[in-house]
Amino acid sequence: MILKAWSFCLAFFLMMGTTWAGEVVTSDVRMWAQKVLKEEKALRPVEARNTVAVLYFENKTGRSEFIPLQKGLALMLLTDLFKIRELQVVERIRIQALVEEMGLGASGMVDSQTTPRVGRLLGARLIIGG
């Protein structure tokens with residue numbers, strides 16, 4: 001019984017997570033992303049060692065039933081990381097706004113050429129994705 005209830009909650013959470021990405025970016029956050037990109041050359045390297053951003057995971061299985069896990073796993077990981085007081089976690093809304101402004105897809109953020117730039121723009125020393 002508990003397993004069924006948990007499964008239902010997890011499925012609901014994952015389904016809702018697929019709709020959040022395009023709806024959460026407010027005009028204030030969008031303006032922040034535009035400003036960061038415009039002033040990119042003036043940004044200093046990230047100094048705080050405890051800053052982390054969590055990107056959506058990439059579904060490399062080719063199986064569509066795992067697509068909700070791309071966002072679901074990232075959101076579950078974020079929930080746990082927010083509990084660690086020593087960490088500063090970049091808000092998901094900022095990541096989404098930056099992705100949209102840069103014209104990157106989720107997979108475009110996780111490559112050896114764009115990851116350092118994205119980390120610097122977000123103010124994150126560490127980026128988690130996969």
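Biologist: Is Gln 88 buried, exposed or partly exposed, and what is its relative accessible area?
Modeller: Gln 88 is partly exposed, because its relative accessible area is 44%, where buried means under 20%, exposed over 50% and partly exposed in between, with a 1.4 Å probe and protein chains only. This is a predicted model, in which local features need pLDDT of at least 70, side-chain atom pairs count only at pLDDT 80 or more, and totals for chains, interfaces and linings use all residues. Residues are numbered from 1 along each chain as its sequence is written, and side-chain values use heavy atoms, with hydrogens and water left out.
Biologist: Which residues does Gln 88 touch?
Modeller: Leaving aside residues up to four places away in sequence, Gln 88 touches Ala 48, Asn 50, Thr 51 and Val 52, contact meaning heavy atoms within 4.5 Å.
Biologist: How far apart are the C-alpha atoms of Gln 88 and Thr 51?
Modeller: They are separated by 4.6 Å, although the two residues are 37 residues apart along the chain.
Biologist: And Thr 51, buried or exposed?
Modeller: Thr 51 counts as buried, because its relative accessibility is 6%.
Biologist: Changing topic, how do helix α2 and helix α6 pack?
Modeller: Helix α2 (residues 27–38) and helix α6 (residues 115–122) pack at an angle of about 120 degrees, and their axes are 10 Å apart; helices here are DSSP runs of H or I with at least four residues, numbered from the N terminus. The axes are lines fitted to C-alpha atoms over the stretch in contact, with angles running from 0 to 180 degrees between N-to-C directions.
Biologist: Which residues make the contact?
Modeller: Trp 32, Val 36 and Leu 37 of α2 meet Arg 117, Leu 121 and Leu 122 of α6.

Notes: Helix = DSSP H or I, 4+ residues; strand = E, 2+ residues; numbered from the N terminus.
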